Amino acid sequence: MAARNVVRSLTKTSHLWAARNFCQKCIRFCSTSANQRWQLMSAVCLERYPVIIKDLSDIESKYQGLLNTMEFENSLLSDHELQRRKDDLASEKKSGEEEEGGTEQRTLTALDLEDMWEAEAHKFTPASCFTEADEKNDMTSSRRKLQEKLILIVKQKVGEKDQWVLPQGEWQEGETMRESAERVLKHNCGDITAKFMGNAPCGFIKFGFNSKLAEQKQRRGNKLFFYKATYGKGNIDMNKNSASEYLWVTKSELSNYLSPVYLKCVNDFFFNL
Amino acid sequence: MAAPMQTVLQQFSRLNISRLSLCRRLGARELHTQGHPLMFQVTEVLWAEPMKKRKKVDPAQVHAREMRKKKRLERMIKRLEKFARKLKPIEEIAGDPKIRREISLRQRERTALSFEESESRARLHKEWTRYKSKQYCTESGEIAQLITAQDRALQALREESEELYQQAIEIDESLINFSCKGPVRTPPIENFDSPDGEYIDTTKTYD
């Protein structure tokens, strides 16, 4: 009531701007006074997209084969195939002539060309889809399971015990939720390139505190907002103060680490599309 | 009398005095000054030139001249058409004339499909459409789930702070013109030194 009087007197003296500021502060103060407010937190859902395509499923490979044969049937003969036909005809003729003892002329035939091409193709070996990390089952490497989408999880102190979560941190006054997500990622993982997907959070979860903790922290609980980011490059340099371990896991492996409530929330926005 | 007469005459000097020299007559004093001034005659005012007499022309000659004119124009038109701006041929549309000539040579021998083969193909087509539609359904379901999750998150943020919500729904300009390289067949080889091919410029120039 007193505050309102002050406000009224301030507006009377036409210090409108000051009055408005003061008013806002009052409102904020009023709402924080009771421990009805939530602690805002940002978390990062850092994804590594698949590097290589998935193996074709049974129907996919069958249909691929059908499309290829249909395309072949509908096509016209290429220059190379024409050349090959010509060569075949010429060699038939020659074999007839050779008995009479004609002089041979060596020219590059289409078959020779094919052999040459094949030899050249054999020289190149593509990189293996089964990487070193797969061999050692090194789950801290982002070079594992190149066909799948991976997500970064860290072991962080949540409440009193360490838990596997997505890297998270508290929102600080004066920054947007996205900015705090960016800060959290940098603080936890060091200098890596990650592209954040927009300003809006992709999911959220809230945890209520028990009455003792609520009183101690003056908060009802945590509201955790997830931000999606795409991993670019750079090695993860874990900050030992905030997180003890980290892993790159697939969607199917997530259930081994996350708590069921947390997992359900993450599954709402993390898909292996 | 003579002196005033002179001045009168001087006044009329622009007039054409016809018939006789006035000076001679002056001496004889035969000049009438009353009634009609018979001696004076003013030339008529000429407002136009008299028509020239038209030359008669031979109609055959006129016809020949017109024909020549026509022929000259036709020749000019023909020349313009010949050197008119030619459109640049589009190779992709025109196609290779060599292949067009050889098209009968390039036909592949086609074997008629057996009944079983065509049946199995039709079955595979149907199976494929079923597979794709199922895939589409799951994917659109997942996308809808993503959108609901985001909406819920935004709603929860709005309950906390309108300001943070407004910041969250702002458009991220850096994502416009978004591009990403999709998955490839084999992983990239690190430090791979790709061999250079030969560079042949096949661009045609037209003047």
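How many cavities of 30 Å³ or more does the structure hold? The structure, which is a predicted model, holds one. The volume of the largest cavity is about 40 Å³. Its lining is made up of A:Met41, A:Val158, A:Gln168, A:Phe207, A:Asn222 and A:Leu224. By class, four of the lining residues are nonpolar, two are polar and none is charged.

Confidence comes next. For the complex, the predictor reports an ipTM of 0.73 and a pTM of 0.64. Chain B has a mean pLDDT of 80, with 79% of its residues at 70 or more. Residues 16-23 of chain B have a pLDDT below 50, and this stretch makes eleven contacts in the model beyond near neighbours in sequence. Where pLDDT is low, predicted coordinates should not be read in detail.

The contact between the two chains is summarised in the table.

| Item, chain B and chain A | Value |
|---|---|
| Residues from chain B in the contact | 48 residues |
| Residues from chain A in the contact | 59 residues |
| Area buried between the chains | about 4700 Å² |
| Salt bridges across the interface | seven salt bridges |
| Polar contacts, both residues at pLDDT 80 or more | 21 residue pairs |

Of the area buried between chain B and chain A, 61% lies on carbon and sulfur atoms. Within chain B, the most area is lost to chain A by B:Arg106, B:Arg108 and B:Glu160, which together account for 17% of what that side buries. B:Arg106 also forms a side-chain salt bridge with A:Asp79, at 2.4 Å from N to O.

How values were computed
Residues are numbered from 1 along each chain as its sequence is written. Chains are lettered from A and ligands numbered from 1 in the order in which they are written. Side-chain values use heavy atoms; hydrogens and water are left out. On a 1 Å grid over the protein atoms alone, a cavity is a set of points where a 1.4 Å probe fits but cannot get out, and a pocket is an open set with protein on both sides within 12 Å along at least five of seven lines; lining residues have an atom within 4 Å of a point. Grid points are joined across faces, edges and corners, and a volume is the space filled by probe spheres set on the points. Ala, Val, Leu, Ile, Met, Phe, Trp, Tyr, Cys and Pro count as nonpolar, Asp, Glu, Lys and Arg as charged, and the others, Gly among them, as polar. pLDDT is the predictor's confidence in each residue, from 0 to 100. Contact means heavy atoms within 4.5 Å. Buried area is the accessible area (1.4 Å probe) that two parts lose on being put together, summed over both. A salt bridge is a side-chain nitrogen of Lys or Arg within 4 Å of a carboxyl oxygen of Asp or Glu. A polar contact is a pair of N or O atoms within 3.5 Å; within protein, one must be able to donate a hydrogen and the other to accept it, and residues adjacent in sequence count only if both atoms are side-chain atoms.
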